[in-house]
Amino acid sequence: MPLEALNDFVVKFANVNGSGSASANSMFAKAILRMGVPVAARNIFPSNIQGLPTWFEVRVTEAGHLGRRGGVDLMVAMNPQTWDRDVAEIEPGGYLFYDSTKPLPPSKFRDDVTVVGVPLTAMCNAAYQIPRERQLFKNIIYVGALAALLDIEMGVIEQLLGEQFAGKDRLIAANVAALHMGRD
């Protein structure tokens, strides 16, 4: 049975260091905070070396807890090298969000979690020509998809993008477009 929680859950992002994910993951946490729900966000990276694993954990907690809770309700699995360990951390009844561009064998999934696959790489390859843009916008696209899944207000995220890229209208417009692509 899928977990149901309102303002009390843990989202963990499994990424690759240097992929630009930290900014998108922080934006996700800030959006929830700006909607009035306390969050405790932690960037967990065993190394600062580009290409190695990094995790970003967001505890959404109406009670305002600052510490980690343990367990993960929603895993955003974006690093194939840590997939098995990341999937194992999901609480029974939890959710797995991943890039479904390449099919994975059934053995890579668990029967007791709800799987949400979005073809992020395919979407980026169709929309962007420059490899670095594909990587950076993939992060914003998954934030848009998560906003739709978790009922996060798009206007709040758009405002955060405006603040992050103040004075760079082209970057604001491109990021807002990527955000909406993910939501849609």
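# Reading cores, strands and pairs

Mentor: Leaving aside its neighbours within four places in sequence, V76 is in contact with V11, K12, F13, A14, F97, Y142 and L146; contact means heavy atoms within 4.5 Å. The model is predicted: local features need pLDDT of at least 70 and side-chain atom pairs count only at pLDDT 80 or more, while totals for chains, interfaces and linings use all residues. Residues are numbered from 1 along each chain as its sequence is written, and side-chain values use heavy atoms, with hydrogens and water left out.

Trainee: How do I read a nonpolar core, and which residues of the largest one touch the most other members?

Mentor: In soluble globular proteins, nonpolar side chains tend to be buried together. A nonpolar core here is a set of buried Ala, Val, Leu, Ile, Met, Phe, Trp, Tyr and Cys residues joined through side-chain atoms within 4.5 Å. Buried means under 20% relative accessible area, exposed means over 50%, and partly exposed is in between (1.4 Å probe, protein chains only). The largest core has 42 residues, and the members touching the most others are F13, V76, F97 and Y142. At least two residues each come from strand 1, helix 1 (21-34), strand 3, strand 4 (72-77), helix 3 (120-127), helix 4, helix 5 (154-164) and helix 6 (169-183). Helix 4 gives the most, with eight residues. Another core, of 11 residues, lies apart from this one and has A14, W83, V87 and I90 among its members.

Trainee: How do I read strand pairing, and in which sense do strand 1 and strand 3 pair?

Mentor: Two strands pair if DSSP finds at least two bridges between them. In a regular strand the side chains alternate between the two faces of the sheet. Strand 1 and strand 3 pair in the antiparallel sense over nine bridges, with D8 opposite T61 of strand 3. Strand 2 (residues 39-44) also pairs with strand 3 in the antiparallel sense, over six bridges; there W55 is the bridge partner of I44. Strand 3 is mostly covered, with eight of its nine residues buried.

Trainee: How do I read aromatic pairs, and how many are found in the whole structure?

Mentor: A pair of aromatic rings is described by the distance of the centres and the angle of the planes. Rings of Phe, Tyr and Trp (its six-membered ring) pair if their centres lie within 6.5 Å; planes under 30 degrees apart count as stacked, over 60 as edge-to-face and the rest as tilted. The search of the whole structure finds seven pairs. In one, the ring centres of F13 and F56 are 6.4 Å apart and the planes stand at 65 degrees, so this pair is edge-to-face. F13 lies in strand 1 (residues 8-16) and F56 in strand 3 (residues 53-61), so the pair ties together parts 43 residues apart in sequence. F13 is buried at 0% relative accessible area, and F56 is buried at 6%. The rings of W83 and Y98 are also edge-to-face, because their centres are 5.6 Å apart and their planes are at 80 degrees. This pair links W83 in helix 2 (residues 83-88) with Y98 in strand 5 (residues 90-99), 15 residues apart. Ring pairs also link F13, F28, F56 and Y142 into a cluster.

Terms used
Helix = DSSP H or I, 4+ residues; strand = E, 2+ residues; numbered from the N terminus.
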